[in-house]
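The sequence and the model come before the explanation.

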Amino acid sequence: MIHNETYDVIVVGSGAAGTMAALRAAERGLSVLVVEKTHKFGGTSATSGGVIWVPNHQLEPNDDTSEQAFAYLDSLIKWPVQRDRLAAYVEQAPKMIHFLKSLGVPVMPAAWPDYFSESPGARSDRSIVCDTFDGRELGDKFVLMREQYTRFKLMNRYSMDLPEFFSISTRGDGWIKALAKILWRYWGDISTRLIGGRDRRFTTGGALMGHLFKQLFDRGVEVRLETRLDELLVTGGAVTGVKAMHFGRGYEIHARHGVILCAGGFEWNQELRERFFPVPGLTRHSSTPEDGNRGEALLAGLKIGADTEHTEGGWWIPTMHMPMPKASNFEEIHQAAFDVGRPHSVCVNRNGERFVDEACSYDEFGAAMVADQLKTGANTPCWLVFDATFRANYTAGGFMPTALMPDWLIPKDRWDHYIFKAHSLEALAQKIHLPLQALARTVANMNSFAKSGVDPEFGRGGNPYDCMFGDPAVTPNPCLGAIETAPYYAVPINLGDLGTKGGLKADARARVLDGNGQPIPGLYAAGNNAGSPFGNVYPGAGGTIGPALTFAYVAVNDIIEQTAGGQVSPAKKSTLEKAAKLTTVERG
Ligand SMILES: Cc1cc2nc3c(=O)[nH]c(=O)nc-3n(C[C@H](O)[C@H](O)[C@H](O)COP(=O)(O)OP(=O)(O)OC[C@H]3O[C@@H](n4cnc5c(N)ncnc54)[C@H](O)[C@@H]3O)c2cc1C
């Protein structure tokens, strides 16, 4: 039995936000407990691409500035956001990333255009990635970290880093060598194979979270699994702990200085989707782990009077689903973010009309699906229509190019349910119930745009971001190729998400605000548990993990500053004073 536990800080959730909060607290000498609802730690963050968007990071000297970052963000953000929270992000994110670097976490900038690459202040060096991590450094906890997303594992087994992922999925330069290296590394690692099938090479979000957990466990922090926050404890108006549930048994855990809610979004709670989203979509189209983010921490905050913001949408991404191999009655979600913009294809609504630059960023794509659904009622799902050239060369959601997955290898039950094929465009239109004339007109237009290299309707392939995921072998526009080689194919594309954008309203110091705009003492929120500092905008690769890490870091700094002068034991007071001094020096 667990009795009367008290920590300086309780962190709820073990994704990027939660792990950073716990790490910062432990590194500053505070006692901290992480409670994690599921049977694995790492959250969506461990399954993710692990990219972190940090303007003006100066990890390598460059001429980015906070003014440029503001110019960029100001040009994108069209609805009201908290200005001082946005400013806190621009100021604190570089400090957060240098904190990680100072601990030895191998973070480095990647060449990745901001998602609105033609807007004022846009750059191509603000996305940070983390070098791979050897999972076995986690010792016996190796198997307890959530695995990377299926799409970042070749055949759901072999880990790929992002360059390998892009090279293999487009069969780009050096893809065969990359593939051979991956197989060699995996099968040559006999000692790990004796433990099980999991690849010890953690890449992408697995790499980021592997490094963070190593730091956390080295500092003796406990991540208590299968422990769900249900309610917040409040004493005299201040949050003083949590009511948690462990295998059906409820108990209280107390916090001296603060509770930091990092329990992700509410994407797996259909009721909350219906309550907040104009086009709710379905939980089962989300690409985040299904057993995690159901909004309990949001509801616990609401129960004690917290306010919310930016809850109107998700971090959208087009997805498709297919039966999960060897698991009857379950479906697996496949992202189609980069597939929908590849040449020799077009996306149409159920009227056979285009509605977006298909090669735009995935969040914009989803936002366009929502807007088109509200306008026409003929979207969510829409269709990705492509020809045999596309099929031979690129992935379509869960379907690999024919070199890796020829048509004959696709199980029979997928045809005419998850993927459709016909010898002519007319026959395809009939199969998927699209108006033939509209589809034929759309395809004819695309074919003429492919010739000229210019898409006058939506500008597909007309900016650096689009072109990054096009095929350089296709000219004059790497995102536009004629759709003219039979057979023709189609897959339905759903309104998927990577989590939700809104949550509890938190201020520039990550303190949760009540309905009167006043901080609720002792309560902080970070990551998707809080509203995004960017409102409904996804500025660049890493636009959700960047704020998650930053406001978790900010929350702990605030706890330290707030409590250093308060009523605590002499021993704790000296720890807090030391931590506060260090924090002040670091914040400059
Ligand atoms: C495939 C994929 C790729 C992505 N790539 C990127 C990328 O490269 N860059 C980027 O910025 N974003 C990316 N995203 C989005 C990003 O992963 C998430 O937005 C981000 O990880 C959210 O971090 P978080 O810490 O807020 O939440 P999470 O990482 O989801 O962690 C929340 C944790 O809280 C736990 N929890 C929930 N409820 C409770 C409760 N009641 N009690 C206790 N614990 C609870 C959950 O189980 C979970 O472990 C990607 C998402 C996916 C699915």
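This is a predicted model: local features need pLDDT of at least 70, side-chain atom pairs count only at pLDDT 80 or more; totals for chains, interfaces and linings use all residues.

Residues are numbered from 1 along each chain as its sequence is written. Helices (H or I, at least four residues) and strands (E, at least two) are DSSP runs, numbered from the N terminus.

Start with α14, residues 436-452. With 17 residues at 1.5 Å a residue, α14 should span 24 Å, and its end C-alpha atoms are 24 Å apart, which agrees. The expected span of a helix is 1.5 Å times one less than its number of residues. For burial, the count is of other C-beta atoms, placed from the backbone, within 10 Å of a residue's own: 20 or more is buried, 12 or fewer is exposed, and in between is partly exposed. The buried residues of α14 include L439, T442, V443, M446, F449 and A450. These cover an arc of only 120° around the axis, so they sit on the same side of α14; the arc is that of the directions from the helix axis to the C-beta atoms. Q437, K451 and S452 are exposed on the other side of α14. The cover over the buried residues of α14 includes β17 (345-348) and α13 (425-431), where contact means that two C-beta atoms, placed from the backbone, lie within 7 Å. After α14 comes G453, with a positive phi near 80°.

Helix α11 (residues 362-376) can be read in the same way. Its 15 residues, at 1.5 Å each, should span 21 Å, and the end C-alpha atoms are 21 Å apart, in agreement. Among the buried residues of α11 are Y362, F365, M369 and V370. Strands β15 (314-323), β18 (382-386) and β20 (488-500) are included in what covers them. G377 follows α11 and has a positive phi, near 70°.

Next come two helix pairs. The axes of α5 (residues 162-169) and α6 (residues 175-188) come within 9 Å and cross at roughly 125°. Axes are lines fitted to C-alpha atoms, for helices over the stretch in contact, and angles run from 0 to 180 degrees between N-to-C directions. That angle makes α5 oblique to α6: angles under 35 degrees count as roughly parallel, over 145 as roughly antiparallel, 65 to 115 as roughly perpendicular and the rest as oblique. The crossing of α5 and α6 is left-handed, meaning that the near helix is turned anticlockwise from the far one by less than a right angle, with clockwise being right-handed. In this pair, E164, S167 and I168 of α5 meet W175, A178, L179 and I182 of α6.

The axes of α1 (residues 16-27) and α8 come within 9 Å and cross at roughly 30°. This crossing, too, is left-handed. Residues making the contact include T19, L23 and A26 of α1, and M209, F213 and L216 of α8.

Now the two lysines. K214 lies in α8 (residues 204-218) and is buried, because 20 other C-beta atoms lie within 10 Å. Beyond its neighbours within four places in sequence, K214 is in contact with E137 and L138. K421 is in strand β19 (residues 420-422) and is partly exposed, because its count within 10 Å is 18 other C-beta atoms. Not counting residues up to four places away in sequence, K421 touches W415, P487 and Y489.
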